[in-house]
Amino acid sequence: MFKEKLVLTFYAQTPVHMGSGVSVSYVDNPIQREKHTNFPILASSGIKGVIRELALRRWNDVEKVNVIFGPEDGGEENASCVSFTDAKILLYPVRSVKGVFAYITCPYVLNRFKNELKSIGISDLPGIPSLTKEDAILVCTDSELKIDNNKVVLEEFVFNIDNIDNSQNIDDLMKKISGYLPEEVSSNLDKHFAVVSDDVFVDFVKYAVEIRTRIRIDQTTGTVAEGALFTIELVPSESVFYGILFFNDPYFGIDYPIYEKLKVTKSEEKSFEDMLSTLGEEEKKRIKDEQRNRLKQAYEGKYFTAEEIKEKNLKQLLDNSIIQLGGDETLGMGFMKVKCISYENKRSQQDK
């Protein structure tokens, strides 16, 4: 049972390529996609690896990083006490005849987002509207996507606005979703937000992608190296993904009842030595010198509990930070801004 949770949203400031290997189709290097939906995703392993490296650079503390993320070499001293889910698509940018572009989503994506939030105790999203026809679209009251107040054109496809009895609901839904997004998206989401049918969404995320052709230069001739022409698929900039970060208490190798006793004492803000003095003599003997040193380092470094790791470490590290997912760092691709949402804060807002 995880002790703490954070909702993470990822906003693509540049095109992103989280690769899935070599393809036999016309695209040599495709992006990662869910098998059952064909939606683009960001694999949890890649996200965790990038954030682990960011933590190592920022904190400059190998022991702390190993306690929180687990040893990089797969050693058995301790398991990771953080767990990342895959980042799933929430909003996908598509060209629009008016308003430049739309942030599209669909009932399936919205319902999945709502259900995953509900699974960690957040129930602030209103009901998800349905669409009456395949060519229907739902937009906000102040949308800039409207043509003659009844149509929207995305890419080369014409959609009829289907806001009958849904306009207020769409506005409320957009406002709730914007609370999970970085300011770059939330500040004008009402102008670009649109809900299309599930089938239409599948087509857009499959075909409205960015394909770039890459080459390699032969250093001896200054021309394109033979066989070095290839294509790469990219998730477009402005895309928004979401995931959940779970936290457990760190593992220091001591008996669980002793650790729980120390946690209670730590809440009283005592020094490390005063905390240890609350243990009985037999309990103290069961803590080895190496374990004692790790406990002291974690206690003084404020990563002694799951709550500390979330609030005083990962949340501070990630909230409004920019990470680079996938691709070569020298190419300037894969930059994503992260926003952290504490489920306790969201639940307190629901109770008001």
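**Notebook: salt bridges**

I searched the whole structure, and 20 salt bridges turned up. I keep in mind that this is a predicted model. A reminder to myself: side chains of opposite charge can pair when their charged atoms come close.

I looked up Arg57 and found its side chain in a salt bridge with that of Glu53, at 3.3 Å from N to O. Both residues belong to helix α1 (residues 44-59), where they sit 4 residues apart, about one turn of the helix. I then checked accessibility: Arg57 is exposed, at 58% relative accessible area, while Glu53 is partly exposed at 35%.

**Entry: a pair between two helices**

Next I turned to Glu63, which forms a salt bridge with Arg294; their closest N and O atoms are 2.9 Å apart. Glu63 is in helix α2 (residues 62-69) and Arg294 is in helix α11 (residues 289-301), so this pair ties together parts 231 residues apart in sequence. I noted Glu63 as partly exposed, with 25% relative accessibility. Arg294 counts as buried because its value is 13%, under the 20% cut-off.

Last, I followed Lys263 to its salt bridge with Asp249, where the closest N and O atoms are 2.7 Å apart. Lys263 lies in helix α8 (residues 256-266), and Asp249 lies in the loop between β12 (240-247) and α8, so the pair, 14 residues apart, links distant parts of the chain.

Note on methods. Residues are numbered from 1 along each chain as its sequence is written. This is a predicted model: local features need pLDDT of at least 70, side-chain atom pairs count only at pLDDT 80 or more; totals for chains, interfaces and linings use all residues. Side-chain values use heavy atoms; hydrogens and water are left out. A salt bridge is a side-chain nitrogen of Lys or Arg within 4 Å of a carboxyl oxygen of Asp or Glu. Buried means under 20% relative accessible area, exposed over 50%, partly exposed in between (1.4 Å probe, protein chains only).
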